[in-house]
Amino acid sequence: MELFLIIAVCSLITFGIRLIPFVLLRGREIPGFISYLGRYLPPAIMAVLIIYCLRSVSFTESPYGVPELLCVALCALLQIRMKNTILSIAAATAAYMVLIRLL
């Protein structure tokens with residue numbers, strides 16, 4: 001029962017936090033700062049995540065980061081072409097698993 005209550009409280013807090021902007025901005029124009037963040041923050045976060053994922057890749061030892069770089073390129077290409085995030089991530093992950101076994 002305690003675990004259920006913990007999950008319920010966490011769920012309610014998460015829902016409430018996500019609901020607050022809709023309640024506060026209902027019927028109003030979105031502030032310029034929020035629009036700015038909505039436009040530039042997602043690509044910035046993606047860049048940080050790519051750097052974080054590639055931080056431990058050794059480009060001086062075999063396989064010289066080839067699987068990682070190929071899969072980053074595959075993910076980017078699929079996302080640009082298909083605009084399907086799940087497909088991009090799943091295909092790049094599958095390709096990475098195959099490449100690290102082959103190289």
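Guide: Y64 sits in the loop between α2 and α3; helices here are DSSP runs of H or I with at least four residues, numbered from the N terminus. The model is predicted, so local features need pLDDT of at least 70 and side-chain atom pairs 80 or more, while totals for chains, interfaces and linings use all residues. Residues are numbered from 1 along each chain as its sequence is written, and side-chain values use heavy atoms, without hydrogens or water.

Phi of Y64 is positive, near 60°, and the residue is not glycine. Y64 is partly exposed, at 48% relative accessible area (buried is under 20%, exposed over 50%, partly exposed in between, with a 1.4 Å probe and protein chains only). The peptide bond from S62 to P63 is cis, with omega near 5°. Most residues other than glycine have a negative phi, and most peptide bonds are trans.

Move on to the loop between α3 and α4, where K83 lies. K83 also has a positive phi, about 55°, without being a glycine. K83 counts as exposed, at 63% relative accessibility.

Then comes α4, residues 85–102. Its 18 residues should span 26 Å at 1.5 Å a residue, and the end C-alpha atoms are 26 Å apart, in agreement (the expected span is 1.5 Å times one less than the residue count). S88, A92 and L99 are buried in α4. Down the axis of α4, its buried residues fall within an arc of 30°, so they line one face (the arc is taken from the directions from the helix axis to the C-beta atoms). What covers them includes α3, residues 66–82 (contact means heavy atoms within 4.5 Å). On the other side of α4, I86 and R101 are exposed.

Definitions and conventions. Helices (H or I, at least four residues) and strands (E, at least two) are DSSP runs, numbered from the N terminus.
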